[in-house]
Amino acid sequence: MNRARPLVVLACGVLEHLLGRRLPAAVPVTWMDVNLHNSPKKLLLTLQERLDELPEPSVVLLGYGLCGNGLAGVKSGRHTLIVPRTHDCVAIFLGSHQRYLQRFFESPNTYYLTKGWIDAKDEPLTDYRNMIREYDEETADYVIEMKYRHYRKLCFVGYSQEDVESCRPRVQEVAKFLGERFGVEYEEIVGSSELIENLLTMPERLERSDEAFVVVPPGGEIAMEDFLRGGEPAPQPVGRTEKGG
């Protein structure tokens, strides 16, 4: 694997606030549609198209986790792929897979929000309002019940205390909505940029093993098994909890 290859970033738009300001200006980046995580098959196809369109063999940082198995089956082609070895991007916001696991066992059935998801209006309250406009209130109530009734906590992950405070009014609207319907509790935490910063330095360390990342050489393919660790919960279908998404 040759570090002389150009560096390229393909990442979910939800990471733009966290990852974008840490990227060198010369590194080309494509921010992918946040809503792709709702359709793993579409995520797979779209990522593959973007990879296949790259004009020269590159080292490609993928700003995703496994994401509901949406990355399973992505072929590296001429490129070297580097992706965080996490079930979903919640671990990226928390800063490590170990923190992800700790919260999974301490507080299961938690729904996570970040500034990226709030800005993209990818959260339960907007989801509900959109369904009322598209269908009717009765249908919206039923769908919301099916999608969100199992959550017990809403956790906002900020990248600084200022970030938490600036987003608090909007997040608390969502928390109130879920709290009144399902008794969901609200929590705020400051996450960590550790995993993202380590991702950015991985191209310099390709010859050394790092269990925090999956590295796929040219001609390879991302597999679900690459993300599994012994004794851990298996990745689940889409849903923004510590169980997958």
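Which side chains does a polar contact of 3.0 Å join? In this predicted model, the two are Arg-205 and Thr-201. The views below start there.

**View A. Arg-205 in the loop between helix H9 and strand E8.** Helix H9 spans 194–201, and Arg-205 sits in the loop that links H9 to E8. The relative accessible area of Arg-205 is 17%. That is under 20%, so Arg-205 is buried. Its side chain makes the 3.0 Å polar contact with the side chain of Thr-201. The Arg-205 side chain also reaches a backbone oxygen, that of Asn-198, at 2.9 Å. Beyond its neighbours within four places in sequence, Arg-205 touches Asn-198, Asp-210 and Phe-213.

**View B. The five-stranded open sheet.** The strand order is E2-E1-E3-E4-E8. Pairing in this sheet is mixed. Strand E2 (29–32) lies at one edge and strand E8 (213–216) at the other. Each of these edge strands pairs on one side only. On average, neighbouring strands are turned by 15° against each other, direction ignored.

**View C. Strands E1 and E3 side by side.** E1 covers residues 7–12 and E3 covers residues 59–63. The two strands run parallel. Five bridges join them.

**View D. Gly-73 in the loop between strands E3 and E4.** Strand E4 spans 80–84, and the loop leading from E3 to E4 holds Gly-73. Is Gly-73 buried or exposed? Its relative accessibility is 18%, so Gly-73 counts as buried. Leu-44 is 29 residues away from Gly-73 in sequence. In space, their C-alpha atoms are 7.2 Å apart. Neighbours within four places in sequence aside, the contacts of Gly-73 are Leu-44, Gln-48, Glu-221 and Ile-222.

**View E. Helix H6 packed on helix H8.** H6 takes in residues 124–134, and H8 takes in residues 161–182. The helices pack at an angle of about 75°, and their axes are 8 Å apart. H6 is therefore roughly perpendicular to H8. From H6, the contact uses Pro-124, Leu-125, Tyr-128 and Arg-129. From H8, Glu-173, Val-174, Phe-177, Leu-178 and Arg-181 take part. By class, this contact has six nonpolar and three charged residues. No polar residues belong to it.

Notes:
Residues are numbered from 1 along each chain as its sequence is written. This is a predicted model: local features need pLDDT of at least 70, side-chain atom pairs count only at pLDDT 80 or more; totals for chains, interfaces and linings use all residues. Side-chain values use heavy atoms; hydrogens and water are left out. Axes are lines fitted to C-alpha atoms, for helices over the stretch in contact, and angles run from 0 to 180 degrees between N-to-C directions. Helices (H or I, at least four residues) and strands (E, at least two) are DSSP runs, numbered from the N terminus. Angles under 35 degrees count as roughly parallel, over 145 as roughly antiparallel, 65 to 115 as roughly perpendicular and the rest as oblique. Contact means heavy atoms within 4.5 Å. Ala, Val, Leu, Ile, Met, Phe, Trp, Tyr, Cys and Pro count as nonpolar, Asp, Glu, Lys and Arg as charged, and the others, Gly among them, as polar. Two strands pair if DSSP finds at least two bridges between them. Buried means under 20% relative accessible area, exposed over 50%, partly exposed in between (1.4 Å probe, protein chains only). A polar contact is a pair of N or O atoms within 3.5 Å; within protein, one must be able to donate a hydrogen and the other to accept it, and residues adjacent in sequence count only if both atoms are side-chain atoms.
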